[in-house]
Amino acid sequence: MLNIIVACGRSRVIGKAGRLPWDIKEDWDYFLGITKSGTLIMGKHCFSEMGPHTNDRKVIALSRDPKIEFPNTRKASSLPEALTMAQRDGGDVWICGGRIVYEEAIPLADRLYLTLIDAEFDGDVFFPAWEHVFTREISRRESENSGYRLTYLTLGKEK
Ligand SMILES: NC(=O)c1ccc[n+]([C@@H]2O[C@H](COP(=O)([O-])OP(=O)(O)OC[C@H]3O[C@@H](n4cnc5c(N)ncnc54)[C@H](OP(=O)(O)O)[C@@H]3O)[C@@H](O)[C@H]2O)c1
């Protein structure tokens with residue numbers, strides 16, 4: 001299954017200055033738990049943000065720069081190339097951002113794992129519009145953590 005996973009504040013904000021705009025342990029733990037198995041695909045900045053968390057999982061990092069190497073991590077120069085590599089691993093594939101990877105993956109993915117954070121944040125990276133693509137709600141869980149109201153959604157496409 002090809003999955004996208006993302007957490008969004010209001011206005012679909014997802015990042016600020018190369019970091020998450022928030023510090024919400026429950027959502028970070030959710031991300032680490034659900035992506036523990038399978039192959040993670042992410043852009044160069046997301047890879048550096050994840051730091052040591054990439055060590056114990058299968059990751060493919062994206063860059064078009066032929067000179068870049070990612071320590072102990074496979075590299076691909078496009079999403080199609082990364083998807084071909086990930087399919088050889090078997091198991092779930094998790095698209096982990098950032099913006100360009102999300103844009104390319106939305107038409108292809110089976111499921112969207114979306115955490116909605118009901119708060120305004122300043123940011124410089126935004127998730128693309130998804131509402132007209134992932135129209136089928138598979139699961140929903142509400143929660144409250146670090147003073148924020150969170151909604152964990154699993155969404156699919158119409159069959
Ligand atoms: N809230 C969330 O769930 C969430 C999830 C993910 C990210 N974020 C946030 O978003 C920000 C990072 O995202 P970003 O969009 O700035 O950076 P990014 O996607 O992690 O990295 C961008 C770089 O990765 C490479 N890349 C990306 N897509 C590619 C593709 N399809 N093919 C080939 N190379 C590709 C390019 O590197 P080269 O220039 O070397 O070619 C590009 O310059 C951070 O603030 C992070 O915290 C938030």
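Student: How many bridges join strand β1 to strand β7 (residues 111-117)?

Tutor: This is a predicted model, in which local features need pLDDT of at least 70 and side-chain atom pairs count only at pLDDT 80 or more, while totals for chains, interfaces and linings use all residues. Residues are numbered from 1 along each chain as its sequence is written, and side-chain values use heavy atoms, with hydrogens and water left out. Strands (E, at least two residues) and helices (H or I, at least four) are DSSP runs numbered from the N terminus, and two strands pair if DSSP finds at least two bridges between them. Strands β1 and β7 run parallel, and the number of bridges that join them is 6.

Student: Which residue in β7 is the bridge partner of C8?

Tutor: C8 is one of the residues of β1 that point one way from the strand, together with L2, I4 and V6. In β7, the bridge partner of C8 is L116.

Student: How many residues of β1 (residues 2-8) are buried?

Tutor: A residue is buried under 20% relative accessible area, exposed over 50%, and partly exposed in between (1.4 Å probe, protein chains only). N3, I5 and A7 point the other way from L2, I4, V6 and C8, and all are buried. In a regular strand the side chains alternate between the two faces of the sheet. Strand β1 is therefore largely enclosed by the rest of the structure, the count of buried residues being 7 of the 7.

Student: Which residue in β6 (residues 93-95) is the bridge partner of T39?

Tutor: Strand β3 is joined to β6 by 3 bridges, and the two strands run parallel. T39 points one way from β3 with I41 and G43, whereas L40 and M42 point the other way. In β6, the bridge partner of T39 is V93.

Student: How many residues surround the ligand?

Tutor: A residue is counted as near a molecule if one of its heavy atoms lies within 4 Å of it. The closest residues are C46, E49, S63, R64 and E104, and the number that surround the ligand is 29.

Student: What percentage of the area of the ligand does the protein bury?

Tutor: Polar contacts are pairs of N or O atoms within 3.5 Å; within protein, one must be able to donate a hydrogen and the other to accept it, and residues adjacent in sequence count only if both atoms are side-chain atoms. An oxygen atom of the ligand is 2.6 Å from an N or O atom in the side chain of S63, and a ligand oxygen is 2.9 Å from a polar backbone atom of R99. Taken alone the ligand exposes 910 Å², of which the protein buries 86%. That area comes from the Shrake-Rupley method with a 1.4 Å probe, where for residues only the protein chains shown count as cover, and the percentage asked for is 86%.

Student: Is N72 buried or exposed?

Tutor: N72 lies in the loop between β4 and β5 (74-76). Its phi is near 55°, a positive value in a residue other than glycine. With a relative accessible area of 83%, N72 is exposed.
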